[in-house]
Amino acid sequence: MPPTPRPRPKILIVLHQESSSPGRVGHMLIEEGFDLDLRCPPLGDALPETLDGHAGTVVFGGPMSANDEDEFVRRETDWLKIPLRENRPLLGICLGAQMLVNHLGGKVEGHGEGLVEIGWYPLTATEAGKKLMRWPEMVYQFHREGFSLPKDATLLATAETYPNQAFRYGDNAWGIQFHGELTRAMMQRWVVRGAHRFELPGAQPGRDHLGGRLIWDMHLKRWLGEFLQTIFGKPALS
């Protein structure tokens, strides 16, 4: 008899709204051979006490602030000690990265002049980032707060308005401020539901969000695939 295939390893996916989706990150991880374990702490989902049953975790963004006093924000920020202690692959995206920064003793706050990044903005890789991989020149943003660089973290990418855009902490913890996970349907939904934010200083009009996607998204998508492989690798399924 042929050997029984191993079960597909699971990635813990942490979302923050009922309507949230892991989007392209989820699609790519499934294509690479992982299963997804979706949890939404604001809806009461518990997070595991260990990641022994998971190959890593991705903590996504959301409309709330990492500085909010909501119980789930404090609980989730404290929970990040588990992947850090167990040295499991951890990726924080936008809010997820900001929670990681808060956990590591850094600071999350808005721009001193009230500027936001909502739309497509230039990204510059640091020397450490360039050694890791090739980065996209433009990335999609949707945030009003940024983060300081945690102590002992390595800055991988920077930008003009919010200088800290991507970092690595230790062997397996990563944070990015921008969004590579959006499918076209997700971006259209964000543009409709977030239209009231396009009046904020520094934000771009909705038409530029979708127009920019036609130009820059293919490069962002290619980078995302390489980035996820760098973090999570490719599981052995047999």
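In which sense do β4 and strand β12 (residues 173-176) pair, and over how many bridges? The two strands pair in the parallel sense, over 4 bridges. Pairing here requires at least two DSSP bridges between two strands.

The model is predicted: local features need pLDDT of at least 70, side-chain atom pairs count only at pLDDT 80 or more, and totals for chains, interfaces and linings use all residues. Residues are numbered from 1 along each chain as its sequence is written, and side-chain values use heavy atoms, without hydrogens and water.

The protein contains 7 helices and 12 strands. These are DSSP runs numbered from the N terminus (helices: H or I, at least four residues; strands: E, at least two). The radius of gyration is 17 Å, close to the 18 Å given by the globule rule for 238 residues, so the protein is as compact as a globular protein of that length. The radius is taken over C-alpha atoms, and the rule is 2.2 Å times the number of residues to the power 0.38.

Of the 238 residues, 49% are buried (under 20% relative accessible area, 1.4 Å probe, protein chains only). Contacts are heavy atoms within 4.5 Å. Among those between residues at least 6 apart in sequence, 73% join residues at least 24 apart.

Strand β4 spans residues 90-93. Its residues L90 and G92 point one way, while L91 and I93 point the other way; all are buried. Strand β3 (residues 56-59) also pairs with β4 in the parallel sense, over 3 bridges. There, V58 has L91 as its bridge partner. Towards β12, I93 stands opposite I176.

Methods: Buried means under 20% relative accessible area, exposed over 50%, partly exposed in between (1.4 Å probe, protein chains only).
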